[in-house]
Amino acid sequence: MRLRRAIAIGAAATAVVLATTAAVLPGSPVDRPQPLPALTSRALAARYAADSRLVARAAHAASRAGDAGLAGSLARLRGQHFIDFNPRGRGLAVEVIGNLARARRVAILVPGSDTSLATFDSRGTASPQGGALALAAQARRLDPDNHLAVIAWLGYTTPSTLSPAVMTSGDAGQGASALRPLMADLVRHGHQVALICHSYGSVLCGLAAPHLPVTDIAVIGSPGMDASSVSALHTAARVWAGREASDWIRFVPHVHFLGLGFGQDPMAAGFGARIFDCGRGGHSGYFQQGGIALRNLAYIALGDPAGVTR
């Protein structure tokens with residue numbers, strides 16, 4: 001354990017050096033997200049069809065460019081329900097699982113670093129699409145009559161895990177600015193919204209949290225929320241934190257210095273989050289079928305805190 005901690009501290013120190021010498025800036029600014037269409041079956045179907053055509057064109061372009069991996073990933077996304085899609089750069093994608101027109105609650109999954117169009121569905125339940133599908137399926141098992149829609153939200157350019165940018169909140173800040181309008185639109189249409197934020201995505205959710213009318217914010221495998229405590233998030237939402245026992249993120253130093261690091265560990269007693277059981281898996285195992293983490297996240301998504309194993 002001491003060796004792992006030393007490695008983590010050394011990695012953080014290296015990131016400090018790289019950040020200060022390379023003048024780390026956030027990644028390329030994300031394009032303005034598409035506004036949410038009217039939440040009717042007809043309007044959503046039109047948006048899904050339009051974005052499916054964009055996916056098909058992007059897959060064809062990737063194939064012509066010789067990027068067989070990306071072309072294959074995009075081909076698998078054809079016909080899915082996207083309310084936003086942009087193939088430029090590393091790409092943006094916002095996919096709906098379930099019936100958004102009839103939903104009363106919406107759970108938004110916010111992924112962490114190293115997520116792009118190429119990995120949107122290629123890593124099983126560790127990918128945004130796979131995690132959203134697993135969460136929706138678990139929610140149906142717990143409550144077959146639920147009115148929940150799940151959104152896999154890749155609405156920002158994520159940093160690389162091996163880049164200095166992953167130690168700063170620059171990309172997270174851009175992502176928070178992109179996420180707020182979607183949440184505000186959903187709440188304005190009468191939906192109750194829960195945020196489920198993995199890894200670096202929890203930094204984004206911490207920045208987006210102040211004064212948003214969401215019912216729940218759950219962070220998993222979090223390096224920090226760029227806040228010292230739940231009260232510093234300025235939210236009335238229930239704030240949850242969970243970490244699997246074998247998750248390497250526990251070795252990341254919880255500091256905030258010269259713009260690097262994300263402050264207090266959300267799992268710490270002094271932070272004030274509601275701690276929930278996630279089992280003994282690793283950093284990518286939170287949405288694995290049959291796991292206690294997935295079950296607890298489904299209860300949070302459904303707005304049923306009594307079902308969560310604390």
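# Helices, cores and salt bridges: a chat

Guide: Helix H2 (residues 41–64) and H3 pack with their axes 8 Å apart, at an angle of about 160°. This is a predicted model, where local features need pLDDT of at least 70, side-chain atom pairs count only at pLDDT 80 or more, and totals for chains, interfaces and linings use all residues. Residues are numbered from 1 along each chain as its sequence is written, and side-chain values use heavy atoms, with hydrogens and water left out.

Visitor: Hi! How are helices and axes defined here?

Guide: Helices (H or I, at least four residues) and strands (E, at least two) are DSSP runs, numbered from the N terminus. Axes are lines fitted to C-alpha atoms, for helices over the stretch in contact, and angles run from 0 to 180 degrees between N-to-C directions.

Visitor: So are H2 and H3 roughly parallel or antiparallel?

Guide: H2 and H3 are roughly antiparallel to each other. Angles over 145 degrees count that way, while under 35 is roughly parallel, 65 to 115 roughly perpendicular and the rest oblique.

Visitor: Which residues make the contact?

Guide: From H2 they are Val-55, Ala-58, Ala-59, Ala-62 and Ser-63, and from H3 they are Leu-70, Ala-71, Leu-74, Ala-75 and Leu-77. Contact means heavy atoms within 4.5 Å.

Visitor: Switching topic: which residues touch the most other members of the largest nonpolar core?

Guide: Ile-108, Val-110, Trp-153 and Leu-186 do, in a core of 49 residues. A nonpolar core is a set of buried Ala, Val, Leu, Ile, Met, Phe, Trp, Tyr and Cys residues joined through side-chain atoms within 4.5 Å. Buried means under 20% relative accessible area, exposed over 50%, and partly exposed in between (1.4 Å probe, protein chains only). Helix H5 (residues 170–188) gives this core its largest share, 7 residues.

Visitor: What does Leu-186 touch?

Guide: Not counting residues up to four places away in sequence, Leu-186 touches Leu-36, Leu-39, Leu-100, Val-106, Ile-108, Ile-151, His-191 and Val-193. Another core, of 41 residues, lies apart from the largest one, and its members include Ala-58, Ala-59, Ile-97 and Ile-220.

Visitor: How many salt bridges are there?

Guide: The whole structure has 5. A salt bridge is a side-chain nitrogen of Lys or Arg within 4 Å of a carboxyl oxygen of Asp or Glu. One of them joins Arg-76 and Asp-121 at 3.0 Å, N to O. Arg-76 sits in helix H3 (residues 68–77) and Asp-121 in the loop between strand E3 (105–110) and helix H4 (128–142), 45 residues apart.

Visitor: Is Asp-121 buried or exposed?

Guide: Asp-121 is buried, with a relative accessible area of 15%, whereas Arg-76 is partly exposed at 45%.

Visitor: What about Arg-105?

Guide: Arg-105 forms a salt bridge with Asp-216, with the closest N and O atoms 3.5 Å apart. Arg-105 is in strand E3 and Asp-216 in strand E6 (residues 216–220), 111 residues apart. Both Arg-105 and Asp-216 are buried.

Visitor: Where does Asp-265 come in?

Guide: Its side chain meets that of Arg-243 in a salt bridge (3.1 Å, N to O). At 12% relative accessibility, Asp-265 is buried. As for networks, salt bridges with shared partners join Arg-105, Asp-216 and Arg-238.

Visitor: Last one: where does Arg-295 lie?

Guide: Arg-295 lies in helix H7 (residues 292–302) and is partly exposed, at 35% relative accessibility. Leaving aside neighbours within four places in sequence, Arg-295 is in contact with Gln-138 and Leu-142.
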